[in-house]
Amino acid sequence: MKSRFFKNLTETQTMELARQTASLLPEGANLALCGDLGSGKTHFAKGLGHGLGIPQGIWITSPTFTLINHYQGADHKFYHADLYRLGHEDELFEIGFYDLVKGPEILAVEWWDQFPGTYPEQIIKVILEKVSPITRNLQIQSEHPSFKAEQLNLL
Ligand SMILES: Nc1ncnc2c1ncn2[C@@H]1O[C@H](COP(=O)(O)OP(=O)(O)OP(=O)(O)O)[C@@H](O)[C@H]1O
Ligand SMILES: [Mg+2]
């Protein structure tokens with residue numbers, strides 16, 4: 001497992017790291033966005049979306065009520081899910097979630113860690129921790145052999 005840790009990121013830095021992460025993602029990458037309520041998972045997903053080339057005018061919103069939103073990036077489709085309101089992991093079959101996990105699209109999922117037994121082998125975890133109202137610690141743990149987390153750099 002490859003792991004990177006970033007301390008006391010500002011909101012802008014979190015966004016910048018998400019954009020960089022997007023540029024390094026291999027086709028079909030699956031990301032679990034982990035952290036408490038308000039830690040910045042949706043904020044990070046917005047940065048991923050922008051890094052994948054979703055036009056700035058398109059608003060990436062929290063899929064808490066829709067479960068899964070999808071967007072067309074420059075080279076990849078981007079799916080952003082939030083499993084907070086999912087009652088049971090069996091429902092993941094019903095909504096076609098595993099097709100997305102196996103498919104070529106980029107999948108970023110909030111609250112996937114409620115069902116860690118459903119992680120694929122090559123999961124990339126982004127763990128956000130609220131340090132203060134305006135700062136976050138961010139850890140990236142990758143089980144994906146082609147994700148080069150060491151290339152991430154704060155400017
Ligand atoms: N350093 C920071 N990094 C990321 N977000 C920050 C930072 N400082 C402040 N914020 C703010 O924190 C809020 C995080 O909200 P966000 O919706 O991303 O959380 P979430 O983890 O998705 O929560 P939920 O579990 O409810 O979906 C955003 O409004 C964001 O602007
Ligand atoms: Mg959210």
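Guide: In this predicted model, three elements each contribute at least two residues to the shell around ligand 1: helix H1 (11-24), helix H2 (41-51) and strand S7 (135-142). Of the contributors, H2 gives the most, with 3 residues. The shell around ligand 1 has 17 residues in total, and the closest are Thr14, Gly40, Lys41, Thr42 and His43. By class, the residues of this shell comprise 10 polar, 4 charged and 3 nonpolar.

Now to the backbone angles. Asparagine 8 is not a glycine, yet its phi is positive, at about 50°. This asparagine 8 sits in strand S1, which covers residues 2-9. Asparagine 8 has 12 other C-beta atoms within 10 Å, and because a residue with 12 or fewer such neighbours counts as exposed, asparagine 8 is classed as exposed.

A positive phi also occurs at tryptophan 111, again a residue other than glycine, with a value near 60°. Tryptophan 111 belongs to the loop that lies between strand S5 (106-110) and strand S6 (124-132). Its C-beta neighbours inside 10 Å number 19, so tryptophan 111 counts as partly exposed; a residue is classed as buried at 20 or more.

To put the two side by side: asparagine 8 is in a strand and exposed, whereas tryptophan 111 is in a loop and partly exposed.

Conventions: Residues numbered from 1 in each chain as written. Chains lettered and ligands numbered in written order. Predicted model: local features only at pLDDT ≥ 70, side-chain atom pairs only at ≥ 80, totals over all residues. Near = placed C-beta within 6 Å. Helix = DSSP H or I, 4+ residues; strand = E, 2+ residues; numbered from the N terminus. Nonpolar A, V, L, I, M, F, W, Y, C, P; charged D, E, K, R; others polar.
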